[in-house]
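Hello,

Here is the structure you asked for, with the sequence. My notes on it follow below.

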Amino acid sequence: MSTPLPSPASGPTSPEAGPAGGAAVRIGALVPLSRPGWIEAGQHLLAGLELAVHDVNDTGGIAGRPLDLVVRDTAADPERAAAAVEELAHLGVAALAGEYHSVVARAAAARADAVGLPFLCSSAVLDALTEQPTPWVARLCPAQSHGWRIYADFLLGAGHRHIAVAAQASVYWAAGARILRDRLAPHGGTVTELDMSVLSPTALCDRLAGTPATALLVLTGQPEPAVSIVRAVRRDPRLAETLIGAPAGQPEFAAWARLLGGDGAAIPFLRYLPERLTPLGARADAALRERLSEAPSFVAFEGYDTITVLADVLRSHGTDRARTAEAWPSVAVEGTRGPIRFSRTPGVGVWQWAWPPVQVVDRDPAEPGRLRVLRTG
């Protein structure tokens, strides 16, 4: 269930009594549900979180106490997310879950570390999620360097050595471009950066036509300017042989196909799903399709797995925040996409599932609603 709670100015409230007679165990959820956040990703993340809460409560909750999700919209705003962490800590949540945008999750992780609130990050891949190693934060999605190296290897395997990136200013996009450059350079590859803060889609095409790049990667927000860039490149005869890629996963969501139709096909992107879901994943898939009225993205499964892990920890270690944080290295949970365990990973300051399954996929030009797996890693 989800319970509306007062603003920080109203102060904390008494825990709500659940149907089993015990006080509800609250988990705070950070989700982008308004612009400029990626709303569709936020909706899928929230659907996964809420479904898992429903399933936990259907199987006895947390030692007979119901689980309650307290949702806050981050709107892709780091300051708003940090304030939400403070509010949720004040309201007495046992742990924090969610977030999709990397820069926002980084702000949330810093605040969670500062206030001593366990945070299981669902979907934000930036390697440096925290400035220093912290015992309070764990992460389900792979670090950006892991997934984007697999993507770079896909490009190399497909014969693309010279890459251009249409990028917006962001720590996340800059980190991605650096990972690609480092992976391609030993093979004689190059990465040409095209700054979308000064280029229109038409000007981008003019610049791209003058480079040796055989692939253009769209490192920008969705739907705009990503959709406009794809349309412009598809309509430019000079770029007819240029591969368009979107490693951040913009084509994963149904809105991409609705907006672009056939133009949105054959654009490889990263997705964090296995070839086959676990039995739990298959059940969650059916329920998520009903909730969303469309195929669930990998982000929905990340949300479901987040609550599955937190529920297991809260059942086995209780609701004390310090004990929850101490439990990360002992987690052994069967999730929707495989067995989940956390470890310390070089270059990553949080407890990390190393690694979730990674695929490079695209939409089939003959049937844009169907996804094709191009590489696994």
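**Two cis prolines**

Pro-225 sits in the loop between strand 8 (215-219) and helix 7 (226-234); helices (H or I, at least four residues) and strands (E, at least two) are DSSP runs, numbered from the N terminus. The peptide bond joining Glu-224 and Pro-225 is cis, with omega about 5 degrees. Another cis peptide bond runs from Arg-35 to Pro-36, with omega near 5 degrees. Pro-36 is in the loop between strand 1 (25-31) and helix 1.

Before the rest, some ground rules. This is a predicted model, in which local features need pLDDT of at least 70 and side-chain atom pairs count only at pLDDT 80 or more, while totals for chains, interfaces and linings use all residues. Residues are numbered from 1 along each chain as its sequence is written, and side-chain values use heavy atoms, with hydrogens and water left out.

**Positive phi**

Ala-63 is not a glycine, yet has a positive phi of about 55 degrees. It lies in the loop between helix 1 and strand 2 (67-73). Ala-63 is exposed, at a relative accessible area of 73% (exposed means over 50% relative accessible area, buried under 20%, partly exposed in between; 1.4 Å probe, protein chains only). Ala-75 also has a positive phi, near 50 degrees, and belongs to the loop between strand 2 and helix 2 (78-91). Ala-75 is buried, with 5% relative accessibility.

**The two domains**

The protein chain is divided into domain 1 (25-142 + 276-344) and domain 2 (145-271 + 360-376); the bounds come from an automatic or database domain assignment. Their centres, taken over C-alpha atoms, are 29 Å apart. Domain 1 gives 18 residues to the contact and domain 2 gives 18, where contact means heavy atoms within 4.5 Å.

The two domains bury about 1300 Å² between them, 68% of it on carbon and sulfur atoms. Buried area is the accessible area (1.4 Å probe) that two parts lose on being put together, summed over both. Trp-38, Glu-40 and Phe-298 supply 40% of the area that domain 1 buries against domain 2, more than any other three residues.

There is one salt bridge between the domains (a side-chain nitrogen of Lys or Arg within 4 Å of a carboxyl oxygen of Asp or Glu). Glu-294 forms a salt bridge with Arg-258, with the closest N and O atoms 3.8 Å apart. Helix 1 (39-58), helix 3 (102-115) and helix 10 (298-317) are the elements that give two or more residues to the side of domain 1 touching domain 2.

Regards
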